Structure formats: structure tokens, C-alpha cells
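Work through the exercises below with the coordinates open. Each task is followed by a solution in steps.

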Amino acid sequence: MKKLIACLLVLALCLSTSVAAMAEAVDFVPSISYKPAPGVEKTEPAGHEDCIVVVPVSKADQSKDLTPEQAKTLKDVYAELSKDGVKLSEECADLTEQVKKVLGDNKTADDLVVRDLFHVGATCDDIPALLAGGNTLKVTLDSTLKKDEKVFAMVYKNGKWVALKDTLNNGDGSITITLDALGPVAIMVPASVGSDETPTGETSRTALWIIVMVVALIAMVASVLLYRRRADAE
């Protein structure tokens with residue numbers, strides 16, 4: 001009986017370790033709520049690096065570069081994108097078109113997860129005037145993306161998300177977004193891990209919960225056996 005209980009407890013310990021490892025594995029994208037702002041490396045037209053201000057969600061209430069209305073909008077879109085079951089295909093109607101071009105016709109915007117969310121603003125008058133004239137601004141930001149990782153972006157303007165074209169992972173630790181407006185910007189990456197046969201983390205998450213239940217069951221059985229053994233001994 002002692003050996004059986006010991007084996008069950010060892011198995012529960014091993015599975016609990018697997019749970020911790022899997023929990024880390026399925027957490028594809030770190031929380032965007034506490035990330036610092038990416039740094040601006042360069043702009044096109046050039047020379048506006050010091051003019052561009054990037055404010056992350058975590059600094060929405062503290063930043064002097066945001067108006068109260070801009071801070072509220074940034075927090076509101078964060079809350080919307082953070083909801084359980086949120087579908088990016090519904091949040092941004094034209095994002096799926098970009099996804100299909102890059103990832104293939106079997107993919108949609110719902111195969112992406114938000115990696116970063118921040119407000120892009122400007123402290124000079126040149127940039128708003130540039131964009132108001134129908135021009136675009138390319139901003140290169142530092143990033144922790146892997147060299148070959150696909151990246152997508154969208155900007156919140158006129159009360160809705162709009163997909164940004166020509167978003168690039170430069171392969172050198174930076175990404176380039178092409179803006180036609182200032183405001184909240186979301187950076188997204190594919191949620192899949194491994195092969196294309198695993199489009200999201202749902203399969204891994206299901207397996208995680210199964211392991212959790214198995215660990216609980218083993219621990220319960222071991223506890224019952226241990227209780228009965230002590231009762232018999234008395």
C-alpha cells in the first residue's frame with residue numbers, strides 16, 4: 001500500500017510539473033497591459049524620430065503626451081480586445097484580407113493574437129499635417145519578434161479598427177508599420193505554434209485542463225488510500 005501511494009504521489013508531482021510547463025507553452029503572447037512602449041528607430045519621411053510619441057496601455061493614465069480623451073480611448077480598446085472570446089475578424093473587418101495574403105486562404109484574423117497595444121502620437125505639427133494630406137508615415141519600432149515571425153498591425157481611427165498594409169518584420173529586431181492616422185495601434189502575430197495543423201492554442205489548452213483534472217483525481221485517490229490505511233491501522 002505504501003508503494004502504491006508513493007507511486008500515485010510521484011505521478012501527481014510529475015503531472016503537476018507538466019502542467020506548469022504547458023501553461024507557459026500555451027501563453028503565446030505576454031500580457032500587453034504591462035509592456036513598455038517600443039522605441040522609435042526611424043521614420044519615413046526621415047527626421048521625425050523625436051516627434052513620434054509611443055505610449056503603452058500601462059502608461060495611459062500617467063502620460064503627459066495623451067489627452068484625457070486619448071487615454072480613455074486607449075484603455076477602452078484594450079478592454080475590448082482583452083474580452084474572453086473576442087474575435088479580431090469582427091473587431092477589424094479588413095484584417096482577414098491581410099492575413100490570407102500572408103498566411104494563406106485557410107487563415108483568418110481569428111488566427112492572430114494581440115502582442116502589443118499602444119498609442120502613436122506626435123509632438124510636432126508636421127506629422128498631423130502630413131497625414132491629413134492623404135500621405136502615410138512609416139515608423140520603425142524596436143521589437144522582440146523572432147526573425148521569421150509574421151506580424152500584422154491595425155490602427156484605431158474614426159471609432160473602428162482598420163488594418164494597416166505593408167507591416168514588416170525587418171528580421172533585425174525591428175518592425176515597420178505604415179500609418180495613415182495617429183491613434184491606438186495593435187500589433188498582432190499568429191497564435192499557432194508548431195505546424196499549420198495547430199491554428200490556435202485551443203488544443204493545447206484543452207490538454208492542459210485534462211492534465212489538471214487528472215492530477216486532482218490522482219491526489220484525491222492517494223488521499224483516500226492514505227486515510228483508509230490509517231483507519232485500518234487504528
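**Exercise 1: a threonine and its surroundings**

The side chain of Thr43 reaches the backbone nitrogen of His48 at 3.2 Å. The model is a predicted one.

Task: Decide whether Thr43 is buried or exposed, and state which residues Thr43 touches, leaving out those up to four places away in sequence.

Solution.
1. Locate the residue: Thr43 belongs to strand β1, residues 40-44.
2. Thr43 has a relative accessible area of 6%. Buried means under 20%, so Thr43 is buried.
3. With residues up to four places away in sequence not counted, Thr43 touches His48, Glu49, Ile52, Leu137 and Lys138.

**Exercise 2: the open sheet**

Task: Give the strand order of the open sheet of five strands, say which strands are its edges, and find what packs on the sheet.

Solution.
1. The order is β2-β3-β9-β5-β6, and the pairing is antiparallel.
2. β2 and β6 (160-163) are the edge strands, as each pairs on one side only.
3. On average, neighbouring strands of this sheet are turned by 35° against each other, direction ignored.
4. β2 and β3 run antiparallel and are joined by five bridges. Val55 stands opposite His119 in β3.
5. Helix α2 (residues 68-81) packs on the sheet and touches β2, β3, β5, β6 and β9. The direction of α2 makes about 175° with that of β3.
6. Helix α4 (residues 95-103) also packs on the sheet, touching β3, β5, β6 and β9. The direction of α4 makes about 170° with that of β5.

Methods. Residues are numbered from 1 along each chain as its sequence is written. This is a predicted model: local features need pLDDT of at least 70, side-chain atom pairs count only at pLDDT 80 or more; totals for chains, interfaces and linings use all residues. Side-chain values use heavy atoms; hydrogens and water are left out. Helices (H or I, at least four residues) and strands (E, at least two) are DSSP runs, numbered from the N terminus. Buried means under 20% relative accessible area, exposed over 50%, partly exposed in between (1.4 Å probe, protein chains only). A polar contact is a pair of N or O atoms within 3.5 Å; within protein, one must be able to donate a hydrogen and the other to accept it, and residues adjacent in sequence count only if both atoms are side-chain atoms. Contact means heavy atoms within 4.5 Å. Two strands pair if DSSP finds at least two bridges between them. Axes are lines fitted to C-alpha atoms, for helices over the stretch in contact, and angles run from 0 to 180 degrees between N-to-C directions.
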